[in-house]
Amino acid sequence: MQQISVLFPTPLGCYDYMCSEELSPGTFVLAPFGRKKMMGVVWDRAPNTHLDKSKIKEIFEVLPYQSLPLETISFVNWVSAYTLAPLGAVLKMALLTEFDKESKKPLAFNVPNPKYKTLSFSDSQLAAVEQISDQISNGFSVSLLDGVTGSGKTEVYFEAIAKAIEQGGQTLVLLPEITLTTAWLERFEKRFGTKPALWHSGVTQKQRRDTWQAILKGEAKVIVGARSALFLPYEKLDLIIVDEEHDQSFKQEDGVLYQARDMAVVRAKIANCPIVLASATPSIETYCNVLQGKYYHIELLERFSGAVLPDIRLVDMRQKEKGPVRFISPELQKLIEENLQKKEQTLLFLNRRGYAPLMLCRSCGERIKCPHCAAFLVEHKKRNILQCHHCGYIRRIPKECPTCGQAETLVACGPGVERIHEEAASLFPTAKLCMVTSDTLNNPKEFSVLLEKIKNNEIDILIGTQILAKGHHFSNLTLVGVIDADMGLSGGDLRAGERTFQLLHQVTGRAGREQKKGTAVLQTYVPENLVIQSLQNNDRQTFMEQEIMTREMLQMPPFGQLAAMILSGKNEQSVVDTAKKIVASAPFLEGFDVLGPTPAPIALLRGKFRYRLLIKAQKDVKMQNILTCWMNKVIIPSNVSLRIDINPYSFF
Ligand code: ADP
Ligand code: ZN
């Protein structure tokens, strides 16, 4: 009898079992788990020699499935050690939910043809293609593919994929979910003559099963997916691409809290293969790695078509007279009118759904809140509802103020896209308008229909949230109006400036992507702000330098490490007491500071009270080890839940 270590796809660690034969790590087994039978994976952990062998249970059977690759096992171990999530919770992300079912007619995965349709590249593109291709089959390396939108980054990394296919290896392309559109897939098909394998929240169970198997067998050569595709069981991974690497949606904010871009670098290291991070506005983290010489820097300096970047104008909203509330300034209005006359398209951008972010009673001053969250309800006028954008709570718009009972005293404060739509409709009565948000558009099909309409000039003015900002190419769109350029700048978020710069750079870049020069207008109350200035001067360099200097001075990531602890529960006193207990048992160590507890900015969410601690550690401190020892000393009561977020991106 052999003693083996088995891991199950549940949020726990490994368990020991006995087995009549020696099993190598990755073997699937069926074993008793509590009173149930559960499928698990033989893990690469040394068995626990302190256990009494006679008391260890025996596994039921060895399952006849192909083993999980060793690289996948190493990756699961790594992610668990870094994020402090239980091993089994990470394993769960690497496995299918329905293992036993087998497809009668599995999907076929054609090998993409690297020579299907090749392009002739410009000189600077050629140089980039060469640099990237040189990395393939040369072991682990990280490259930043850095170029403005439209410079041909996608075409360039397609060449690297072509080379990986020629060598028979697999390529993983990670895209933010929102960019995973039919447009990208069509381009891939045009270049390689067949579709890639797809992995995101929208694929069906059967597709999932077939894709997972095809990846394990090495039949699927190119896999395109959202962050969860990182955990698939690649047989021979030769290349990873992370497109829009700066995108914040790569950070998973529930379950296992991981940053997919960072973990992709780890995955490449385990596979000993190159990884390419592509962006027009690289993250500070990535850029610092370039400056320190850890990552290669591959630059594409011009737009391929020769199109120039838009002219960016600021409208100083402080100078506006107090009149009736208006969100589209006269300057912007005039530009829109001219654009309508030229029969060119306009995009009005505001990253806020609904009609107004707040309803206020003019009589008693009451601001209508969500009963379950410390947040105001957002008015959605068309649907006649107030909605909480945190928990989804909905109520009808009341006729009277719920507090003082007076009728007709409730007023909408501030704009959402619906309100901008209303204002644009009254300012430009003959124009064809279209509002686009995640409320109105939620699947790729609808998106394709919309893109077709835009292409056929059936729309004059688009009004939308960030759903429109990313990755699309509208050839007749020459004017972009940003209604509230300052929106993302406030709040104590470490990355507020960076994120605003990236988003607005991307949005304004929608203007004038072909021969027609575009114009973008930023409406702002802080025209002297570094972010706004850098955008106007198209001066990414200065912005990055300043931002990096500030982070270094404050010892913030990537110059120091952060971890957040979020405690929540229905009983506020328990939450507070637990938070205090945790702080009281904190270790005193050089370069390791514990800040808090403080009520979270959203101190009540879905009926639970929330408190936060922030841990700040110097770069060389082994933060995870310290946190693990520390947490082993405290007992968290069952009515309080604790989440640890290593390198947090959200601070609410
Ligand atoms: P990015 O990914 O940097 O935004 P793309 O790869 O999408 O840039 O290129 C922008 C547009 O220019 C696309 O329509 C692309 O097909 C086209 N393009 C880029 N390079 C070439 C080339 N060498 N030959 C023909 N078209 C190109
Ligand atoms: Zn709520």
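## Domains, ligand and backbone: a short tour

Visitor: How far apart are the centres of domain 1 and domain 2?
Guide: This is a predicted model, where local features need pLDDT of at least 70, side-chain atom pairs count only at pLDDT 80 or more, and totals for chains, interfaces and linings use all residues; side-chain values use heavy atoms, without hydrogens and water. Residues are numbered from 1 along each chain as its sequence is written, with chains lettered from A and ligands numbered from 1 in the order in which they are written. Domain bounds come from an automatic or database domain assignment, which gives domain 1 as 2-68 and domain 2 as 123-305. Taken over C-alpha atoms, their centres are separated by 35 Å.

Visitor: How much area is buried between domain 1 and domain 2?
Guide: The contact (heavy atoms within 4.5 Å) takes four residues from domain 1 and four residues from domain 2. Buried area is the accessible area (1.4 Å probe) that two parts lose on being put together, summed over both. Carbon and sulfur atoms give 69% of it, and the area is about 280 Å².

Visitor: Which helix gives the most to the shell around ligand 1?
Guide: The ligand is surrounded by 14 residues (a heavy atom within 4 Å), and Lys153, Thr154 and Glu155 are among the closest. Helices (H or I, at least four residues) and strands (E, at least two) are DSSP runs, numbered from the N terminus. With three residues, the top giver is helix H4.

Visitor: What distance separates ligand 1 from the side chain of threonine 154?
Guide: Look for polar contacts, here pairs of N or O atoms within 3.5 Å. Arginine 187 has a side-chain N or O atom 2.7 Å from a ligand 1 oxygen. For an N or O atom in the side chain of threonine 154, the distance to a ligand 1 oxygen is 2.6 Å.

Visitor: Which residue does a cis peptide bond join to proline 557?
Guide: Most peptide bonds are trans. Here omega is about 5 degrees.

Visitor: Where is asparagine 272 found?
Guide: Most residues other than glycine have a negative phi. Asparagine 272 has a positive phi, near 55 degrees. Asparagine 272 sits in the loop between helix H7 (260-271) and strand E11 (274-279).

Technical notes:
Polar contact = N/O pair within 3.5 Å; in protein donor to acceptor, adjacent residues only side chain to side chain.
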